[in-house]
Structures are given as structure tokens and as C-alpha cells.
Amino acid sequence: MKKECVTMLLAGGVGKRLGLLTQNIAKPAVPFGGRYRIIDFTLSNCLNSRMYTVGVLTQYSPLELHKHIGVGKPWDMDRMEDGLTILSPFTVNDGGSWYLGTADAITKNINYIEGYDPEYLIVLSGDHIYHMDYTKLLQQHKEKGADVTISAIEVPWEETSRFGILNTTDDLKIYQFEEKPMKAKNNLASMGIYIFNWKILKDYLEDDATNNNSNHDFGQDILPAMIENNLSLYAYRFEGYWKDVGTINSYWEAHMDLLEDHLPFSLNNDEWRIYSHDSNFSPQLIDKNTSIHHSLVNNGCVISGTIDHTVLFENVEIKKDAIVKESILLPGVRVGENAFLQRVIVQENVTIPANTRIIANSDSEPVVLSNENLESIS
């Protein structure tokens, strides 16, 4: 069954810098935006871009992620002939081993890709927040006659050491790829979104698999080798909102971004909807003494206190005279009477006792509260 393009979604990230948020679940499964998980944004981009042949490569603590993805029904990918397929690590001979790197993850699933005999392969990351029409990326790839196209965005100069940096000519042809440089030449960063001509990539993957000195990674090995061999690599300049929520700070900032008045990214965009499972909680209940300012409040919430610049996930309860500011409360959180929280992230099903006062300074990382650390922090 031939498909012009197959999508491979890398969703096995550990997300160590998210600390307690990824202690038991993979980074793409972390809740985001009040009722979603991080991976929902990439899967919804696939649906909205009409990319229905999607392999999701999972690895670290995948149980919650597998339960959430299921057969792909929320993203219209529960199909008979293509749709969504979960691809866990395995080997043909000894039964199983972890993926060694991003390139190795694709190499170990060559048989899945070859089953569709594609002309192009799109490789995506499952842990970023953004809206993108991948068909526009593919269109530029064809127009340029490229072997590889890498979606890129300008990032703050002080953050360039976190990304792969693309050095390009004026027409966006890439002549150098620097993986997380200490001193970057420019701030055009790879978004971890690639389109490859499949037959070319397959040859490089097979060669890389036999190289014992390789990290088996796109940024460190495959892309530099392609540039060295003078293949045609181009950058696709992305102008919209994109956030790598790989740290506590960036995760908190991305939620605060959702509350901005003029952000070019909205969860209420009817032309580019984000899809997920519906938990079927009852409507929110707002007490007469409640004060709500510039916040997201989701189904099942019962609010009798004050919230300001805060994101409440589903089934959260704020008791009388409690005040919550600039915070993120994940599903099932309970905040007791007269509690005061500012710049905190409260994990699922945590109960904040009455009269608790926790404030993170504006120049420090937001505090993450769990059942294990609540007593020591408060």
C-alpha cells in the first residue's frame, strides 16, 4: 500500500529537566493547557495537515502515553489501511533493546516504513507546543528539489546552546549544522522537524547502523554526514509560535503564554483545533464569592476562592478565601481554605492544606508540588 509520505513521531523522551513532572511518565504524556497532553499538539498537527500514516515511537515509561494514544481515535487515525501505529523498541534477533538515538529509532522501524513505500519521510518530535501545517513544509521541500528540509525558528541568543543551529546561505541552503554549540554563529534553530527523501535517508541509516563510533542521532551524525557529502539541505523558516517545554521554566512560561491577549497561538482556534480525549467531567461550578482574572478554567472545577493568571486543569477545587496566582494546577488538585499559592505547579491529585502559603520568587524557578515534597516545602 503505497503512500507518498509517512510520518514518524518520536515520543520516547525522558524529559529529565522537567524533574517531578516526568518522574513516572514520558515527556510527551505530561499534561498541558488545561485538558491536553503535550503530544496532542503534534498529533493534531498531523490530523489538520491530513497526514494520516503516523508511527509513534515510544520508549521511556510508556504506559500512560500508550493509554492516552490508544488507537488514535481522537485524531481520526483509527483506520484500517494506515492510521496510527505505536512502535515500541525491539530487535529482530534478541527480542528487545532501547533505541540508541533518534536515527536508530527510525532504523529499527525501516520495515514499517517500507510497508508503505513512501517517497518522503517526515520525522517529528512529540514534545513541542505549536501549530504547523506540514503540507507547506512538504511543498517547499518539493519546490527546492531538496534531499532534506529542516523546519527552523529564531530563538533567543542566550538559548542557542540548547538547540541544533543551522548556518545557511541567503536562499536558506544549509552549509553547516551545529549541534548545541557553546558559541553559535546565528540563532536559527532546528525545531526537530525533518522531511527526507526516503530512499536517500535509508542508505544513510543503514550505513550509520554499522558505525560503532556513531551516536546514531540525526543532529550529531546523519545531518552532518549529509552536509559533508554535499546533499541538498534547506531550512524552512517557521514564523509562528513554537515552544520547547523541556524545562520547568519553559513549561510554566508556555502556560502563561496561553493567557496573553495577542499571542499568535490560541487553544480557541477553530481553524486549527487541538484534539484529545474527553474526560466527560461535569460543567465548572463558580461560587458567588469567586474572583477570576485572566485564567483558564476547565470542566469539573469548583471554585470558591480567587484565581489570577492561572491554568486549572479538570476537576480542580479551590476552597473559600484561597488565592492562586500565576500557577498551574493539574487534574484533581484540591486547595484548602485561606491557602495562598504563587508561581507554583501542582501535580495531579495533590491536596494543599488550609492556610498553606507557598510563593516562588520571580527570579527563581517555579515550585513543583507533589504529595512527596509538599510537607517539606510548606
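Predicted model: local features only at pLDDT ≥ 70, side-chain atom pairs only at ≥ 80, totals over all residues.

Me: OK. Where does serine 327 lie?

Reply: Serine 327 is in the loop that runs between strand E21 (323–325) and strand E22 (328–329).

Me: Is serine 327 buried or exposed?

Reply: Buried. The cut-off for that is under 20% relative accessible area, and serine 327 has 0% relative accessibility, so it counts as buried.

Me: Which residues does serine 327 touch, leaving out those up to four places away in sequence?

Reply: Serine 327 touches Met256, His309, Thr310, Val311, Leu341, Gln342, Arg343 and Val344.

Me: And what does the side chain of serine 327 reach at 2.6 Å?

Reply: That's the backbone oxygen of lysine 325. A polar atom of the serine 327 side chain also lies 3.2 Å from the backbone nitrogen of valine 344.

Me: Switching to helices. At what angle do H6 and H7 pack?

Reply: About 120°, with the axes 11 Å apart. H6 covers residues 198–209 and H7 covers residues 218–228. The two helices are therefore oblique to each other, and H6 passes H7 in a right-handed crossing.

Me: Which residues make the contact?

Reply: From H6 you have Ile200, Leu201, Tyr204, Leu205 and Asp208. H7 brings Phe218, Asp221, Ile222, Ala225 and Met226.

Me: How many of those are nonpolar, polar or charged?

Reply: Eight nonpolar, no polar and two charged residues in the contact of H6 with H7.

Conventions
Residues numbered from 1 in each chain as written. Heavy atoms only, no water. Axes fitted to C-alpha atoms, helices over the stretch in contact; angles between N-to-C directions. Helix = DSSP H or I, 4+ residues; strand = E, 2+ residues; numbered from the N terminus. Parallel < 35°, antiparallel > 145°, perpendicular 65-115°, else oblique. Left-handed = near helix turned anticlockwise from the far one by under 90°. Contact = heavy atoms within 4.5 Å. Nonpolar A, V, L, I, M, F, W, Y, C, P; charged D, E, K, R; others polar. Buried < 20%, exposed > 50% of the residue type's maximum accessible area, 1.4 Å probe, protein only. Polar contact = N/O pair within 3.5 Å; in protein donor to acceptor, adjacent residues only side chain to side chain.
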